[in-house]
Amino acid sequence: MAARLGLKVDVDTLQGLRDGVPALLEVLEAQEVKASFFLALGPDNSGRAIFRVFRQAGFLEKMWRTRAPALYGFKTMCYGTFWPAPLIGAAAGEVVPRIAAAGHEVGLHGYDHVRWHDHLASLGLEEVAKEVGQAQEVFTSLLGRRAYAFAAPGWQCSPRSRAVLAAQGFLYASDTRGYTPYFPRFGDQVSLILEIPTTLPTLDELLGFSGCGPEEFTELILGRLEAERPQVLTLHAEVEGGPFRHEFSRFLRRCRELGVEFFRLEDWARDLLKRPLEVPVAQVSAQRLVGRAGRVFVQGPLEGPL
Ligand SMILES: [Zn+2]
């Protein structure tokens, strides 16, 4: 049995959608691989992320280690500060139908990525519903149908955000870091939206640690793939579709040589939801991860099915 890998592509910025996604589409097509894209479609406030320097341990170090200005470009780093924030879906919407036409999954990665990432915990139910609703509106105008899938910006979720996804009819979400699909429990509340977590570290998290370059990263990921347990790798259009596109292409070629099978998260979700009572529950909690600034939501031990 071959190892199975799902590629989850987060698109956070206008640069990511306009330049990174077309580059990724080319690389994926060359290797005949289908992936799952998650798009932030509202204002690109990337520049405001700079202010995390003052609030979150690890952000400055991460910016330096990953050479963020080289990844994102000066203009992107100013959006939402003294440079007005462009609306991503309006400015590069023509790219979105191309993703779907190539046979990839397209889902949502929020409306205002920076707002969700930095302030989700303090947003009320109505504000969270507005963020998701606005993203859904832009998505529908671009693709003529609603999104089924949601991947939370910065792996930030809450009982409120999960309730909003349930109320707005999403099929599944990919909001957390973990090791196997589950229904997340927040204290005594269980979210009935299936969660398919990211199971592997990301390139931007490991780059620069103890001399970890793209080749070491590829070997590390390949070493984690196993036949019994499908894995989910998160990419960023700004990273693997930007300065690291050639390394990503080499990574896919290596996977192909080893017979790795690729799947779209949506297809796995539909399969799992045929037997929802077999899906386990697990507590989620905010934790620090190596190479990532601030905390992200992480799956705890399995507790058995619903
Ligand atoms: Zn993101």
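The legends below describe close-up views of a predicted model. Residues are numbered from 1 along each chain as its sequence is written, and side-chain values use heavy atoms, with hydrogens and water left out. Because the model is predicted, local features need pLDDT of at least 70 and side-chain atom pairs count only at pLDDT 80 or more, whereas totals for chains, interfaces and linings use all residues.

**View 1. The chain as a whole.** The chain contains 12 helices and 12 strands, taken as DSSP runs numbered from the N terminus (helices H or I, at least four residues; strands E, at least two). Of its 306 residues, 58% are buried, that is, under 20% relative accessible area with a 1.4 Å probe and protein chains only, while exposed means over 50% and partly exposed lies in between.

**View 2. The aromatic pair Phe150 and Phe170.** The structure holds four aromatic pairs, a pair being rings of Phe, Tyr or Trp (its six-membered ring) with centres within 6.5 Å, called stacked if the planes are under 30 degrees apart, edge-to-face if over 60 and tilted for the rest. The rings of Phe150 and Phe170 are edge-to-face, because their planes stand at 80°, with centres 5.9 Å apart. Phe150 belongs to strand 4 (residues 149–150), and Phe170 to the loop between helix 8 (159–167) and strand 5 (172–173), so that the pair links distant parts of the chain, 20 residues apart. Phe150 is buried at a relative accessible area of 0%, and Phe170 also counts as buried, at 5%. Ring pairs join these two residues and Trp116 into a cluster.

**View 3. Arginines over ring faces.** Arg177 lies over the face of Trp155, 4.4 Å from the ring centre, and Arg270 lies over the face of Tyr148, at 5.1 Å from the ring centre. A charge sits over a ring if NZ of Lys or CZ of Arg is within 6 Å of the ring centre and within 35 degrees of the ring normal.

**View 4. The buried face of helix 11.** Phe248 and Phe251 form a stacked pair, 6.3 Å centre to centre with 25° between the planes; the two residues lie three apart in helix 11 (residues 245–257), and therefore about one helical turn separates them. The buried residues of this helix are Phe248, Ser249, Phe251, Leu252 and Cys255. Seen down the axis of helix 11, its buried residues fall within an arc of 155°, so they line one face of the helix, the arc being that of the directions from the helix axis to the C-beta atoms. On the other side of helix 11, His246 and Glu257 are exposed.
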